[in-house]
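This report covers a metal site, aromatic contacts and a surface patch. The chain and its model come first.

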Amino acid sequence: MASATNFQNPSWFLSGPHTASIRDHRLAEDEGNPTLTDPYDVLVRISYVGVCGSDVHFWNHGGIQTFVSSTAPIILGHEASGIIATVGSKVDSLKPGDRVAIEPGFPCRRCNFCKRGQYNLCLGMRFAADPASGQHGTLTKYFVAPADFVYVIPAEMSLEEAVLVEPLSVAVHTVRNLGLKAGESVVVMGSGTIGLLCAKVACAFGAERVVLCDVLPQKLEFARGYVEGCETFLLDKGQMDTEVEAKRLLDALSPASADIKGVDNVIEASGAGSAIQIGIFALRNGGSYIQTGMSGRAKVEFPINVFSAKELNLKGCFRYGAGDYELAMRLLASKKVGVKELISSVTPFERAPEAWEKTGKGEGIKNLIEGVRD
Ligand SMILES: [Zn+2]
Ligand SMILES: [Zn+2]
């Protein structure tokens, strides 16, 4: 078992596929304690880090577009909660001891996208555990973040739940970008963490009919318990004709969808090529489709004639932007969305690779890694 003792700031560095170790990521020091160099930053003592699909991809392949190496390793982790240890001299929104959720991407604040309020599209983004930007991740003892990307959580929210603010913000950004209107129907392809949270947010936004799809019956069983009033549809892995499969889905939903021959919205959260096609075929004329999360494959076959003929709205969606974290926090605080049910396991810091392996095998929904203990 890896050891985290004797280090000022023990951190899980990934240096290649299946190659990670705990090393010291030393921060500036003041009388032996880690300190800050920017007066607008805060130092967070990490409590929990969530494992998501991208972490597993990093663990298995060493990166997504940019890859780590032994000379350029990166600290993993981007979903995190913690307790404020120190605040910079100019910070008055937070104080030591505050329990917080961390928004893990820090935009440049100067480029055109930042100025237009689309900071998730920032050209100089430093996102946690992104080797391209060199920004280290949250699987560390002390994490430095700008104070305005750190959110105090309500007293009744646990630090475990606070980790889920990150994927919930992805869902909030998705449903907002989709432009879902009250009373509309929405089909969610994929019933993993993001799909489940999108369904919950869609309900909170007033969707009348929410249908979760997956190829695994156990995922749909969980979805029925988690998303109150939702419907589920088991996709047939063996059906290669996606048009036929979309018709089977719509038949199962009739008669409500029969009059307009399709659903109003599709949120694609699986990344599977066949699910993308089924989503396009299942939409009504003029319906809206959004692709959320990162697709499993870089290139897919797309029914472009159907897309044109139906005059569909097609949208992409990347992380979260202005106001998404705030709304995610309010949805949690008001109990419109609960996330406790999604937490499947907690692995000690020293055994982090077990959590990546577990998630890679599809075990559990949201697996957490505990921060360094004293
Ligand atoms: Zn993630
Ligand atoms: Zn920018």
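Helices (H or I, at least four residues) and strands (E, at least two) are DSSP runs, numbered from the N terminus. On that basis M294 lies in the loop between β17 (283-291) and α9 (304-309). The model is predicted: local features need pLDDT of at least 70, side-chain atom pairs count only at pLDDT 80 or more, and totals for chains, interfaces and linings use all residues. Residues are numbered from 1 along each chain as its sequence is written, chains are lettered from A and ligands numbered from 1 in the order in which they are written, and side-chain values use heavy atoms, without hydrogens and water.

Because exposed means over 50% relative accessible area, buried under 20% and partly exposed in between (1.4 Å probe, protein chains only), M294 counts as exposed at 64% relative accessibility. Together with L121 and F318, M294 makes a nonpolar surface patch of about 290 Å². Patch residues have over 30% relative accessible area and no salt bridge; nonpolar side chains (Val, Leu, Ile, Met, Phe, Trp, Tyr) are joined within 5 Å, like charges within 9 Å. A salt bridge is a side-chain nitrogen of Lys or Arg within 4 Å of a carboxyl oxygen of Asp or Glu. Areas come from the Shrake-Rupley method with a 1.4 Å probe; for residues, only the protein chains shown count as cover.

The zinc ion (ligand 1) is coordinated by C52 (SG) and H78 (NE2), at 2.1 to 2.4 Å. Donors are N, O and S atoms within 2.8 Å of the metal (3.2 Å for Na, K and Ca); water is not among the atoms, so sites may look incomplete.

A search of the whole structure finds 10 aromatic pairs. Rings of Phe, Tyr and Trp (its six-membered ring) pair if their centres lie within 6.5 Å; planes under 30 degrees apart count as stacked, over 60 as edge-to-face and the rest as tilted. Two pairs are listed here.

| Pair | Centres | Planes | Class |
|---|---|---|---|
| Y119 and F149 | 5.7 Å | 80° | edge-to-face |
| F127 and Y320 | 6.5 Å | 40° | tilted |

F127, in strand β10, and Y320 are 193 residues apart, and both are buried. Y119 and F149 are also buried. F106, Y119, F143 and F149 form one aromatic cluster.
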